[in-house]
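Thanks, everyone. Please bring up the model on your screens, and I will walk through it.

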Amino acid sequence: MTDTGPVPEHALKRLAGLRRAGHPDGVFTSDFSVNEFLLVRKAGFEPIGLCVGSCIYHLGFQFAGWSSSVELDVLSTAMYEARALAMERMRQEAKEMGADGIVGVRLTVKRLEWDSKILEFVAIGTGIVHAQGHQGFKGPRGEPFTSALSGQDFWTLLQAGHRPLEMVMGSCVFHVARRGMIATLGSVGQNVELTNFSVALYEAREIAMERMQLEATQAGAEGVVGADLHEGSHGWSTHVIEFFAIGAAVLRIEGHTPEDLPDPKLVLSVNS
Amino acid sequence: MTLRPPAPRPEAEARRHAWAVALEHNGLPPFVTDRLAGAAAGQGAWVATATPAELLLMKTHGIRPVAAVSGTCWYAYGRSWTEGHAQGWHEALKRIGLEAVAAGANAVIDVRMRTLRHRIRASMDFTLVGTAVKVDGLPPSPHPVIATVPALELVRLLEADIVPVGIAVGARYEWLGSSWAGDRRWAGAAGWTDRAALIRTQRATNVFSGNQPLTDLMDFWNAIRRAAHADLRAAAASQGNGVLAHTQFGQLIRQERDKQPPAYLGRHIVIGTVVDAKPNAAVPHDIEQVVDMRDAVSPLRGGSVSRHAVYEGDAMDEEGAI
């Protein structure tokens with residue numbers, strides 16, 4: 001704080017209506033909250049623009065037998081490729097505006113009410129560049145890095161000595177077999193595990209996780225933080241489930257030592 | 001005994017007339033101006049939407065609440081639903097600004113965007129409500145800033161030399177193949193006619209076609225979105241140098257047609273808070289990492305309340321997790 005008071009002179013002038021100059025050049029746009037904006041700045045970065053990529057995708061058809069537990073690879077491929085295309089378009093926008101990377105990426109799938117076979121995939125995030133006095137970093141192959149981390153998580157990750165590299169994902173659409181008539185009748189009134197269902201879910205989840213991990217390894221990442229697994233059915237029949245794994249691949253910041261790690265303070269706030 | 005509607009009281013009639021005159025002349029009725037001027041002069045109680053914690057912070061930073069102010073515009077869409085939204089919000093912004101000036105304010109804070117969820121033909125009400133505040137030692141501003149942030153965030157921004165100054169809106173719509181020639185702005189923009197694109201799209205979406213991205217539709221949709229964002233930037237440029245906390249609303253609608261491939265309507269609205277920030281300014285405070293020992297709650301995770309709930313319901317419609 002300065003001796004002129006807690007609010008800087010520059011800001012006070014604007015509040016008094018004395019300074020009303022617009023900035024015709026260089027307006028940044030971002031969907032950051034106030035806290036995110038301040039923390040990204042604190043981390044040595046400036047937002048430059050909202051990056052959006054979308055992909056409208058027509059899903060092919062695949063038949064699965066009544067009693068077979070199989071991966072529906074046509075749908076798996078579709079769900080992965082559509083997301084990858086949306087992300088690629090977002091990354092392209094970031095590149096065009098000269099961003100170092102994108103943080104706060106949200107990936108959504110939207111069903112279009114007029115056609116059940118068409119899905120819209122949208123990736124939205126804020127492109128950021130390093131401010132003066134910060135060396136900055138990029139993603140794999142010198143492309144902008146991408147991450148779903150919020151501004152708060154981004155700051156904390158950097159404090160922890162890691163930097164985001166790329167959003168990694170894996171998708172597996174699985175058809176879970178229906179149980180046969182005889183098996184169903186045989187278990188009436190009994191407590192039994194439905195083994196074929198268990199196995200199908202295990203297998204599908206495993207495939208999605210493996211694919212994500214492979215992608216991280218290929219990107220040269222050291223690890224993946226914030227890994228999450230989503231189960232979803234995008235208007236498909238009841239026995240078709242998508243398992244989708246997503247996470248932020250990270251890399252160690254060179255020269256960051258354990259001594260640089262801050263020691264968090266424990267507090268117990270009373271205003272609950 | 002017959003039931004009869006009560007006769008309008010003469011003073012109610014006079015107030016209604018005053019409102020009509022005021023709206024027509026882009027002004028305020030005298031009783032509103034009087035109330036706000038009185039509040040500015042310190043007569044009567046002040047009104048603030050701030051919580052006690054916010055009030056404390058306002059006092060330490062010399063910010064004084066004056067009065068609650070609002071701006072409303074009930075707008076019917078003529079030719080364009082999309083552009084109607086942009087116009088409706090602009091009108092409401094102008095009106096809340098008038099009230100803020102009448103209250104001798106430097107800023108309106110905690111501004112919320114509201115609408116009633118009515119279904120009265122093709123219309124919607126655009127309402128902004130907020131708290132007009134004065135900053136100690138400053139003269140009243142001829143153009144008070146309209147800040148969508150509450151006092152807690154306002155103070156944090158001001159300390160970092162960032163002023164939230166207003167709201168910017170970007171709104172665009174286009175037709176890909178329309179029965180109405182007046183709407184054909186898109187055709188030929190990318191070097192092909194919309195008819196060829198429509199036929200390609202129709203072929204790609206039939207039941208037998210396999211996995212594929214719908215490139216024509218994507219390009220069309222992206223162009224609308226980009227145009228809406230360009231509008232947002234342009235609207236923001238006259239007030240500040242950045243936009244935060246976007247809210248977006250987009251819709252892609254298919255229109256079936258007789259003996260022709262279906263047409264598509266895309267519309268996109270983006271709204272954000274405009275800030276005036278010194279580029280590359282440092283954040284003055286040190287950040288300390290704390291671990292809150294309360295269960296389930298953490299100050300780092302506590303989500304702030306959304307400032308504009310107007311598009312929330314619609315935007316989340318049909319949208320699934322990842």
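I start with one residue. B:P30 is exposed, because it has 12 other C-beta atoms within 10 Å. B:P30 belongs to helix α2 of chain B, residues 30–40. Its C-alpha atom is separated by 7.6 Å from that of B:A18, twelve residues away along the chain.

A word on the source. This is a predicted model, where local features need pLDDT of at least 70 and side-chain atom pairs count only at pLDDT 80 or more, while totals for chains, interfaces and linings use all residues. Residues are numbered from 1 along each chain as its sequence is written, and chains are lettered from A and ligands numbered from 1 in the order in which they are written.

Now chain B as a whole. It has eight helices and ten strands. Helices (H or I, at least four residues) and strands (E, at least two) are DSSP runs, numbered from the N terminus. Of the 322 residues in chain B, 39% are buried. Take its contacts with a separation of 6 or more: 71% of them join residues 24 or more positions apart. Contact means C-beta atoms, placed from the backbone, within 7 Å.

Over to chain A and its helix α2.

Next, the helix pair. α2(A), residues 34–42, and α4(A), residues 151–159, have axes that come within 8 Å and cross at roughly 25°. That makes the two roughly parallel. The cut-offs: under 35 degrees is roughly parallel, over 145 roughly antiparallel, 65 to 115 roughly perpendicular, and the rest oblique. Axes are lines fitted to C-alpha atoms, for helices over the stretch in contact, with angles from 0 to 180 degrees between N-to-C directions. Residues of α2(A) in this contact include A:F37 and A:V40. On the α4(A) side, A:F154 and A:W155 are included.

Then the sheet. Four strands of chain A form an open antiparallel sheet, ordered β3-β7-β9-β8. A pair needs at least two bridges found by DSSP. β3 (70–71) and β8 (223–232) each have a single partner, so one side of each has no neighbour in the sheet. β7 (162–175) and β9 (240–252) of chain A pair over 13 bridges. There, A:H175 stands opposite A:V240. Helix α3(A), residues 73–96, packs on the sheet and touches β3, β7 and β9 of chain A, at about 155° to the direction of β7(A).

Last, the interface. Chain B gives 71 residues to the contact, and chain A gives 68. Which element gives the most on the chain B side? α7(B), with ten residues.

Conventions
Contact = placed C-beta atoms within 7 Å. Buried ≥ 20, exposed ≤ 12 C-beta atoms within 10 Å, placed from the backbone.
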